[in-house]
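Please look over the sequence and the structure before reading on.

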Amino acid sequence: MSRRHLPPLTSLRAFEAASRHLNYERAGDELAVTASAVGQQVKTLEAWLQRPLFTRLPSKGIALTPLGQRYATSISQILDQLDEATARALRPDTANILTVSTMPSFALSWLIPRLGVLKQRHPELEVRISVSMHLTDFAREDVDIAIRYGEGAYTGLHSELLMTETFFPVCNAALLDDPDRPLREPSDLRHHTLLHELAEGIPKYVTWPQWLAYAGVDDIDASHGPRFSHTFLALQAASSGQGIALATSALIGDYLEAGRLVRPFPQQLPGAYQYYVVCPEAVAERPAIAAFRRWIHEEAAQHATLR
């Protein structure tokens with residue numbers, strides 16, 4: 001490898017902060033130095049590059065030049081990567097400890113019931129489950145790998161499709177034999193309570209109106225009925241006979257196999273989002289992470305054959 005030709009790191013940090021704030025004083029506050037020190041470091045970098053990065057405005061403000069804008073974007077990404085690498089290097093040696101982040105419903109309905117199999121196969125791994133609805137920030141959170149629900153485009157991360165998802169109604173078996181309100185076809189849902197899952201922040205999540213339209217039913221008001229913050233809550237309500245829930249193939253758990261819920265109709269609508277295994281590219285082949293990735297893909301493949 002040829003010798004790297006790099007400008008001073010102190011100058012890069014000063015420039016990056018100034019490019020975000022467009023103000024030397026605020027950049028200095030962030031870096032715990034004076035505004036003049038920031039200005040001097042920026043001048044040093046401009047001299048090193050032999051290119052102007054800022055335009056000095058008559059109002060004594062600053063604006064990035066076109067080159068400065070492009071350079072600032074690249075430098076910000078590089079400093080974020082350096083911050084992540086440093087944070088990981090400073091952590092204690094926890095080679096066999098694996099922190100997995102995922103959504104509450106996926107953890108409860110799919111992941112946790114299978115962890116015993118992982119423990120049998122890899123007794124050396126100590127798995128920690130963290131649940132959250134927000135996207136994992138690997139640079140700032142103590143998370144090794146995440147199961148994300150989306151479209152799979154995660155810039156700068158290693159992303160693998162874990163499983164697809166379909167949506168279908170489920171109910172307590174007793175409702176199928178209700179003589180006054182039979183469930184023979186989707187239009188019969190008008191006689192039953194629809195249970196809803198709140199899908200705030202997930203714009204393409206399949207809800208009752210979409211499924212009814214897919215099934216060719218256009219005369220049912222799907223705006224009424226109890227609402228639940230998580231899938232497993234709606235499924236529990238359905239299993240106790242409180243109404244019809246819209247389940248997903250990924251989160252139905254063992255409700256169908258155990259007979260606690262049944263599918264009254266065969267129609268199932270594919271979802272717009274799928275489940276992905278995501279981690280930083282730099283650690284994808286770390287032994288603990290690679291072992292977890294292999295195991296979870298095998299479990300997902302087995303789950304798909306049972307659907």
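The buried residues of helix α8 pack against α5 (104-111), β7 (166-170), β8 (194-197), β9 (227-228) and β10 (244-248), where packing rests on contact, meaning heavy atoms within 4.5 Å. This is a predicted model, in which local features need pLDDT of at least 70 and side-chain atom pairs count only at pLDDT 80 or more, while totals for chains, interfaces and linings use all residues. Residues are numbered from 1 along each chain as its sequence is written, and side-chain values use heavy atoms, with hydrogens and water left out.

**Helix α8**
- Helix α8 covers residues 231-239, and its buried residues are T231, A234, L235, A237, A238 and S239; buried means under 20% relative accessible area, with a 1.4 Å probe and protein chains only.
- Helices (H or I, at least four residues) and strands (E, at least two) are DSSP runs, numbered from the N terminus.
- Just after α8, G241 takes a positive phi of about 85°.

**The largest cavity**
- The largest cavity has a volume of about 90 Å³, a cavity being a set of points on a 1 Å grid over the protein atoms alone where a 1.4 Å probe fits but cannot get out.
- A volume is the space filled by probe spheres set on the points, which are joined across faces, edges and corners.
- Among the residues that line this cavity are F167, Y205, W208 and A234, and lining residues have an atom within 4 Å of a point.
- Strand β8 gives the largest share of this lining, 3 residues.
- By class, the lining of the largest cavity has 8 nonpolar, 2 polar and 1 charged residues; Ala, Val, Leu, Ile, Met, Phe, Trp, Tyr, Cys and Pro count as nonpolar, Asp, Glu, Lys and Arg as charged, and the others, Gly among them, as polar.

**The nonpolar cores**
- The largest nonpolar core holds 48 residues, of which L189, Y275 and F292 touch the most other members; such a core is a set of buried Ala, Val, Leu, Ile, Met, Phe, Trp, Tyr and Cys residues joined through side-chain atoms within 4.5 Å.
- Helix α9 (residues 287-306) supplies the largest share of this core, with 7 residues.
- At least three residues of this core come from each of domain 2 (97-162 + 273-305) and domain 3 (166-270), with domain bounds taken from an automatic or database domain assignment.
- A second, separate core of 18 residues includes A17, A27, V42 and L64.

Methods: Buried means under 20% relative accessible area, exposed over 50%, partly exposed in between (1.4 Å probe, protein chains only). On a 1 Å grid over the protein atoms alone, a cavity is a set of points where a 1.4 Å probe fits but cannot get out, and a pocket is an open set with protein on both sides within 12 Å along at least five of seven lines; lining residues have an atom within 4 Å of a point.
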